[in-house]
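Biologist: I would like to go through the labels used for this model one by one. Please set each value against its definition.

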Amino acid sequence: MAQKVKVTVSLDQDLVETLDEMSRQSRKPRSRVVQEALRLWRRKQLHDKLAEGYRAMAEEDRETAERHLPAFREILK
């Protein structure tokens, strides 16, 4: 398991209230809730980057297919 490091952050009051509510509902300490939130955020960032890359690859594949379509038509005649 990774070593734990204590950090201090400043949050808006409404975020502190949300954090406290999430902590109560989940019966987890604040630090655990923040840790899980950061992990989810990091996972979403990775997911978004992968989705962007797949969209770019799909567009490139479509452009390549369109560029070669006339040659494929000639082959199939």
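Biologist: Why is Glu21 called partly exposed?

Modeller: Buried means under 20% relative accessible area and exposed means over 50%, with partly exposed in between (1.4 Å probe, protein chains only). Glu21 has 34% relative accessibility, so Glu21 counts as partly exposed. This is a predicted model, in which local features need pLDDT of at least 70 and side-chain atom pairs count only at pLDDT 80 or more, while totals for chains, interfaces and linings use all residues. Residues are numbered from 1 along each chain as its sequence is written, and side-chain values use heavy atoms, with hydrogens and water left out.

Biologist: What makes the contact of Arg24 and Glu21 a salt bridge?

Modeller: A salt bridge is a side-chain nitrogen of Lys or Arg within 4 Å of a carboxyl oxygen of Asp or Glu. The side chains of Arg24 and Glu21 meet at 3.0 Å, N to O, so the pair qualifies. Side chains of opposite charge can pair when their charged atoms come close. Arg24 itself is exposed, because its relative accessible area of 55% is over 50%.

Biologist: Where do Arg24 and Glu21 lie?

Modeller: Both lie in helix H1 (residues 13-26), three residues apart, about one turn of the helix. Helices (H or I, at least four residues) and strands (E, at least two) are DSSP runs, numbered from the N terminus. By that rule the protein has two helices and zero strands.

Biologist: How do you know that Ser23 is buried?

Modeller: Ser23, also in helix H1, has a relative accessible area of 14%, which is under 20%, and therefore Ser23 is buried. A polar atom of the Ser23 side chain lies 2.5 Å from the backbone oxygen of Lys28. Of the 77 residues of the protein, 5% count as buried.

Biologist: Why is the pair of Asp48 and Lys44 called a salt bridge?

Modeller: The closest N and O atoms of Asp48 and Lys44 are 2.7 Å apart, within 4 Å, so the pair counts. The two residues lie in helix H2 (residues 30-76), four residues apart, about one turn of the helix. Asp48 is partly exposed at 31%, and Lys44 is partly exposed at 47%.

Biologist: What makes Glu59 and Arg62 a salt bridge?

Modeller: Their closest N and O atoms are 2.5 Å apart, and therefore meet the 4 Å limit. Glu59 and Arg62 are in helix H2, three residues apart. Glu59 is partly exposed at 33% relative accessibility, and Arg62 is partly exposed with a relative accessible area of 37%. Salt bridges that share partners join Glu59, Arg62 and Glu66 into one network. The structure holds six salt bridges.

Biologist: How does the radius of gyration of the protein stand against that of a compact globule, and what is the rule?

Modeller: The radius of gyration is taken over C-alpha atoms, and the globule rule is 2.2 Å times the number of residues to the power 0.38. A compact globule of 77 residues would have a radius near 11 Å, but the protein has 24 Å. The C-alpha atoms fill a box of roughly 70 × 30 × 20 Å along the principal axes.

Biologist: Why is Gln45 called partly exposed?

Modeller: Its relative accessibility is 31%, between 20% and 50%, so Gln45 counts as partly exposed. Gln45 lies in helix H2. The C-alpha atoms of Gln45 and Leu15, 30 residues apart along the chain, are separated by 21 Å.

Methods. Polar contact = N/O pair within 3.5 Å; in protein donor to acceptor, adjacent residues only side chain to side chain.
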